[in-house]
Amino acid sequence: MKISIFILAICLSAGCAIGADIDYKKFGIEPGTAVFPSLKTGYALQYAEGIKNILKTEDGGKTWKVCRKGKVIMEHDDEAPEGESPGSENIDILCFPDENNSFAYGGGQISIPIFLTTRDGGLTWEEAGPDKIELLICDGIQAMLMFSANEGYILNLAGGLLKTSNGWKEAKKMYPGKPDDIYSPGWPVRDFICFRDINTGFLIVEKGVIYTADGGKTWRLTLPFDGYQAEKVVRMTDHVLIILKNTSLGYSSTNFGAAWNSCRWD
């Protein structure tokens with residue numbers, strides 16, 4: 001199968017259409033952090049005076065206001081070591097499944113992790129406690145997908161795929177499973193996750209693509225290859241592409257990972 005590079009470009013730029021003409025620099029908004037769950041309502045991160053704020057717009061980006069002011073936190077439990085100063089919260093990702101419900105998170109392996117939830121459009125934010133932080137973020141979140149305010153997945157650096165049905169009040173590990181679980185092979189996971197809905201999708205692991213059609217209860221290998229050769233996953237309207245490193249060859253699926261064909265592009 002031969003695929004035009006023009007199609008790839010459309011897919012990669014489609015998510016930037018909303019808010020493309022906004023002068024983010026004017027408002028001190030960090031590049032690439034703006035999220036627009038609707039045409040008028042958007043959220044973004046702003047680093048100002050040593051802290052990281054969450055901003056909100058309700059007029060399509062013409063004006064922005066702070067909906068959560070960042071905090072300065074100590075890098076250690078008691079006080080910063082001599083010669084070091086306190087640091088700011090390291091929020092770097094915003095995920096808004098709709099205008100009112102959001103999750104913000106950051107940190108992990110090096111900086112202190114944080115996970116926030118709002119249910120009222122940013123008026124109030126709940127900060128996760130230590131136990132939930134350890135479960136959700138661990139050494140860092142690689143990817144987060146939300147299909148509604150309640151249902152979604154997190155893939156973190158501990159190599160685990162976590163699933164929630166109540167907006168991360170609780171989370172269940174869907175991959176890898178127990179050592180004796182034949183439906184969960186337990187191969188190391190790459191930082192790629194692609195799901196059509198809460199039930200159907202795939203992960204790229206060390207040995208290739210593993211696919212689930214039952215929300216992660218069972219997995220099967222549908223594309224054996226060296227998973228470390230995957231460079232990116234591109235999702236289009238009707239199919240998904242895996243682009244490999246240093247080549248014009250890849251793989252294409254029209255059913256979100258259940259079956260694959262080899263492909264190439266110019």
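**Group meeting: strands, rings and cysteines**

The structure holds 0 disulfides. Keep in mind throughout that this is a predicted model. C138 is partly exposed, because its relative accessible area is 30%. C194 has 5% relative accessibility, so C194 counts as buried.

Next, a sheet. Three strands form an open sheet, in the order β2-β3-β4, and the pairing is antiparallel. Which strands stand at the edges? They are β2, residues 42–48, and β4, residues 65–68. Each has a single partner strand, so one side of each is left without a neighbour in the sheet. From one strand to the next, the twist averages 45°. Strand β3 covers residues 51–57, and β3 pairs with β4 over 3 bridges in the antiparallel sense. To pick out a bridge on your screen, find L55; its bridge partner is V66, in β4.

Now the aromatic rings. A pair of aromatic rings is described by two things, the distance of the centres and the angle of the planes. How many aromatic pairs are there? The count comes to 10. I will go through two of them.

The rings of Y105 and F115 have their centres 6.2 Å apart and their planes at 15°. Planes under 30 degrees apart count as stacked, so this pair is stacked. Y105 lies in strand β8, residues 102–106, while F115 lies in strand β9, so the pair ties together parts that are 10 residues apart in sequence. Are these two residues buried or exposed? Y105 counts as buried, at 6% relative accessibility. F115 is buried too, with a relative accessible area of 1%.

The second pair is F202 and W260. Here the ring centres are 5.2 Å apart and the planes stand at 85°, so the pair is edge-to-face. F202 sits in strand β16, residues 201–205, and W260 in the loop between β21 and β22, so the pair ties together parts that are 58 residues apart in sequence. F202 is buried, with a relative accessible area of 0%, and W260 is buried at 12%.

There is also a cluster: ring pairs link Y24, F36 and W64.

Y251 has its place in strand β21, residues 249–253. At 18% relative accessibility, Y251 counts as buried, since the cut-off for buried is under 20%. Y251 and R264 are 13 residues apart along the chain, and their C-alpha atoms are separated by 7.9 Å.

Last, back to strand β9. This strand covers residues 114–118, and T118 lies in it. T118 has 1% relative accessibility, so T118 counts as buried. What lies 3.0 Å from a polar atom of the T118 side chain? The backbone nitrogen of G122 does. Beyond its neighbours within four places in sequence, T118 is in contact with N100, N101, S102, L123, T124 and W125.

To recap the rings: the Y105 and F115 pair is stacked, and the F202 and W260 pair is edge-to-face. That is the end of my part.

Definitions and conventions:
Residues are numbered from 1 along each chain as its sequence is written. This is a predicted model: local features need pLDDT of at least 70, side-chain atom pairs count only at pLDDT 80 or more; totals for chains, interfaces and linings use all residues. Side-chain values use heavy atoms; hydrogens and water are left out. Helices (H or I, at least four residues) and strands (E, at least two) are DSSP runs, numbered from the N terminus. Buried means under 20% relative accessible area, exposed over 50%, partly exposed in between (1.4 Å probe, protein chains only). Two strands pair if DSSP finds at least two bridges between them. Axes are lines fitted to C-alpha atoms, for helices over the stretch in contact, and angles run from 0 to 180 degrees between N-to-C directions. A polar contact is a pair of N or O atoms within 3.5 Å; within protein, one must be able to donate a hydrogen and the other to accept it, and residues adjacent in sequence count only if both atoms are side-chain atoms. Contact means heavy atoms within 4.5 Å. Rings of Phe, Tyr and Trp (its six-membered ring) pair if their centres lie within 6.5 Å; planes under 30 degrees apart count as stacked, over 60 as edge-to-face and the rest as tilted. A disulfide is a pair of cysteine sulfur atoms within 2.5 Å.
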